[in-house]
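Dear colleague,

Please find the structure below, handed over for your use. A summary of the findings follows it.

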Amino acid sequence: LASTGSLKEAIGIYESLIADFPGEQAFYQYAGIASSYLGEFDRAVSFLRRAVDIAPTPTGFFNLAVAYEKSGDLKNAAATFRTYLERYPNEKESERRAAQAELESLERKIGGASR
């Protein structure tokens, strides 16, 4: 459903699966990604934070950082990108470069906001 654009329906199914299998990380991650596509970033953060709590993965941290950023929580976005870079030094170089660039951009925004 998510790949056909039926994101709300997909999230509903993921939520049902979460109710039945609360320890399954993938359902939280997919629900978080779908919520991001809908622009529901606070909801995405909630799902993705739970996914990372259950089973930390590079994709989970990257998606969580992006959701934090899009929700306007720049400090947590930067902290999550930092965690991604520290925990996963052997991830694809292109993804690490993207995370590093996002982190640097966030740090500039955070620094500029505190002046």
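The largest pocket holds about 160 Å³ of space. A pocket here is an open set of points on a 1 Å grid over the protein atoms alone, where a 1.4 Å probe fits, with protein on both sides within 12 Å along at least five of seven lines. Its volume is the space filled by probe spheres set on the points, which are joined across faces, edges and corners. The model is predicted, with local features needing pLDDT of at least 70 and side-chain atom pairs pLDDT 80 or more, whereas totals for chains, interfaces and linings use all residues. Residues are numbered from 1 along each chain as its sequence is written, and side-chain values use heavy atoms, leaving out hydrogens and water.

The lining of the largest pocket consists of I33, S36, Y37, F41, L48, N63, V66 and K70, where a lining residue has an atom within 4 Å of a point. Helices α2, α3 and α4 each supply at least two residues of this lining; helices are DSSP runs of H or I, at least four residues long, numbered from the N terminus.

Helix α2 covers residues 25-37, and its 13 residues should span 18 Å at 1.5 Å a residue; the end C-alpha atoms are 19 Å apart, which agrees. The expected span is 1.5 Å times one less than the number of residues. Within α2, Q25, A26, F27, Y28, Q29, A31, G32, A34 and S35 are buried, meaning under 20% relative accessible area, with exposed being over 50% and partly exposed in between (1.4 Å probe, protein chains only). Among the elements covering these buried residues are α1 (7-20), α3 (41-54) and α4 (58-71). Just after α2, G39 has a positive phi of about 85 degrees.

The aromatic pairs come to 6, counting rings of Phe, Tyr and Trp (its six-membered ring) with centres within 6.5 Å; planes under 30 degrees apart are stacked, over 60 edge-to-face and the rest tilted. The rings of Y14 and Y30 have centres 5.8 Å apart and planes at 40 degrees, so this pair is tilted. The pair links distant parts of the chain, with Y14 in helix α1 and Y30 in helix α2, 16 residues apart. Y14 is buried at a relative accessible area of 17%, whereas Y30 is partly exposed at 42%.

Ring pairs also link F61, F62, F81, Y84 and Y88 into a cluster.

Yours sincerely

Methods: Contact means heavy atoms within 4.5 Å.
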